[in-house]
Amino acid sequence: MSSYQISLIIQACISVISITGIFALTGLAGMFSLGQAAYMAIGSYTTFILANRLGIPFWFTAIIGIGFSALIAFIAALPTVRLRKDYFSLITIGLGQAIIALLITFSKVTNGAQGFTKIPKVKNLVWIALVITIIMVIIIRNLKYSRFGRMCIALKNDELAAKSFAINVYRLKITIYILASIIASISGILIGLQSRVLLPETFGWTASSEQEIFLFFGGTNSLTGAVVSAFSLKILPELLRNVTLFGQSMQEYRTILYCILIILVLNFRTAGLFGEYELNFNFLKKGFHKLKSKKSAKKNNGREDS
Amino acid sequence: MSEYILKTEEISKNFGGVSAVDKFSMKISEGEIQGIIGPNGAGKTTIFNLLSHIYCPDTGTVELNGVDVTAKDQITIASMGLSRTFQNTRLFTGLNVLDNVKVGLDHNGKYSIIEAFFKLPRVRREEKRIEAEAKKCLEVLELSKYEKARPSNLPYGIQRRVEIARALASNPKILMLDEPAAGLNPEEVFELIDFIRDIKKNFKLSILIIEHRMDLIMNLCDYIYVQDFGHTIAEGTPEEIQCNPAVLAAYLGEEE
């Protein structure tokens, strides 16, 4: 495979990892955040700056980076989760932009708008990305079908009723918010490893809103839909790179493309492309059992014959 | 242990200048069914919201199982065994009927979120227990056949029963029903009366009902409070209430 194709796969993986966090946050708990990319920035900047300054492998500092973004998420969540949904979104935009502004202001440490480039090279990044992607999807799937998933959907549907079933909605929201930012910071670190340069504008609010668009396109209630749309919508503009329209590469029309898609989905399929459909492998299990019973039946027949 | 499951003493609530509930006192012991009746705007639902602490009372005390809970929040009260339904059904539309009932049990599930991520053995065990309990609850209330349905696809009467099932799943000490018969036709009301009698037989709890429909209240309740403009104008057994002049005046108007 060419290195271009590999980098495409890594990009798609990063997109899928971020969407799992967004799915937990918006799809399950109903918190519409437009600032998740800020946690990507916190995670990756902390990781690589510390690794560079202290001269230790970035594996160790990655843990500190993820922990630090979880801490920031906890502090940010304490007052904001009590707000109504729309105010929560506004606050998260503000938070996201504040982090970007901080990164530019402290250019001595972050190298500001020129970008932080002292990032180590990692071999076989594609396998690391794939493994993390699979783990994240499984974790969030398990979460959805656990008591926490049910309580999240309950609180998304009706917070007052959820409270009257002794669900501690604030604690649950804070937990999910921290989880989402941990996942965001993991994908942020992967972005750093892939592009080997950290630019503040990579983590601007367009990055956050792109993820929300992916989620709504795939369906807020379907993890399958979210994963499929995060993968395909990330890849699609890259595939159209060589197609030109009015003398511009189609890739330049990416934002317009996303906007058209989201308008179409909101008008004609409000629940998203996949609605509430979830891929499951029960049919494989059933098929396997059938095969087994057939085989044993054949065996029995054989015995009778002999 | 106190002899009363729920006891309030002179609780009041004002909204601006309007006194929605004025010095409401009640006590209910185990196994009893009590009712609160009154015309529209008499403060019945406000009483429920005060008892389940969606609002906090301005004055007065609330005791649940002998413990003073006046200053506690909604979540604590719910975990102490007070369960309620709402005037307009508030089922979780994103979950099917079985999952709705499971939510009633979920707050004291015995596994952490980290265990949930990796589906460790304890998660499987607990999920099995929760599923079994929820199914049993649906079975007792004869709702098993709607298990996989979405609440929004069910007839209104069934939705109400599912809501009651969800409230019962957590094994509450007191169940509060806010106008369970609203929007039901006469036939469904009679079914509901049997349904509530079944609940009393199958579960060990007290029930507090708000209702407009006299047939339901008079058939079920052991003791009734009559509210009008925030005040308790009468209380007593159904027979006493039926011939109480103050009640008749509030409901039918004064005699000339």
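This is a dialogue on reading features of a predicted model.

Me: What should I know before I start reading?
Reply: The model is predicted, with local features needing pLDDT of at least 70 and side-chain atom pairs pLDDT 80 or more, while totals for chains, interfaces and linings use all residues. Residues are numbered from 1 along each chain as its sequence is written, chains are lettered from A and ligands numbered from 1 in the order written, and side-chain values use heavy atoms, leaving out hydrogens and water.

Me: How many helices and strands does chain A have?
Reply: Helices (H or I, at least four residues) and strands (E, at least two) are DSSP runs, numbered from the N terminus. Chain A has 13 helices and two strands. Its C-alpha atoms fill a box of roughly 85 × 55 × 50 Å along the principal axes.

Me: What share of the residues of chain A count as buried?
Reply: Buried means under 20% relative accessible area, exposed over 50%, and partly exposed in between, with a 1.4 Å probe and protein chains only. Of the 306 residues of chain A, 51% count as buried.

Me: Is A77(A) buried or exposed?
Reply: A77(A) is buried, at a relative accessible area of 0%. This residue is found in helix α3 (residues 58-80) of chain A. Contact means heavy atoms within 4.5 Å. Not counting residues up to four places away in sequence, A77(A) touches I174(A) and Y177(A).

Me: Which residues does G35(B) contact, leaving aside neighbours within four places in sequence?
Reply: They are I209(B), I217(B), C221(B), Y223(B), I224(B) and Y225(B). G35(B) lies in strand β3 (residues 33-37) of chain B and is buried, with a relative accessible area of 0%. Along the chain, G35(B) and I224(B) are 189 residues apart, yet 4.7 Å separates their C-alpha atoms.

Me: Why is helix α3 of chain B largely enclosed by the rest of the structure?
Reply: Helix α3 (residues 97-106) of chain B is largely enclosed because 10 of its 10 residues are buried. The buried residues pack against α7 (147-157) of chain A, together with α5 and α6 (156-169) of chain B.

Me: How do I read a salt bridge?
Reply: Side chains of opposite charge can pair when their charged atoms come close. The rule here asks for a side-chain nitrogen of Lys or Arg within 4 Å of a carboxyl oxygen of Asp or Glu. The count comes to 23 salt bridges over all chains. One of them joins E278(A) and K144(A), with the closest N and O atoms 2.7 Å apart. This pair links distant parts of the chain, 134 residues apart: E278(A) is in the loop between α12 (254-268) and α13 (282-305), and K144(A) is in helix α6 (residues 125-144). E278(A) counts as buried at 14% relative accessibility, and K144(A) counts as buried at 13%.

Me: What about a salt bridge within one helix?
Reply: An α-helix has 3.6 residues a turn, so residues three or four places apart point the same way. R129(B) and E133(B) are four residues apart in helix α5 of chain B, so about one helical turn separates them. Their side chains meet in a salt bridge, 2.9 Å from N to O. R129(B) is partly exposed at 31%, and E133(B) is partly exposed at 33%.

Me: Which residue forms a salt bridge with E147(B)?
Reply: K148(B) does, with the closest N and O atoms 3.7 Å apart. Salt bridges that share partners join D99(B), K102(B), E131(B), K135(B), E147(B) and K148(B) into one network. E147(B) is buried at 15%, whereas K148(B) is exposed at 61%.
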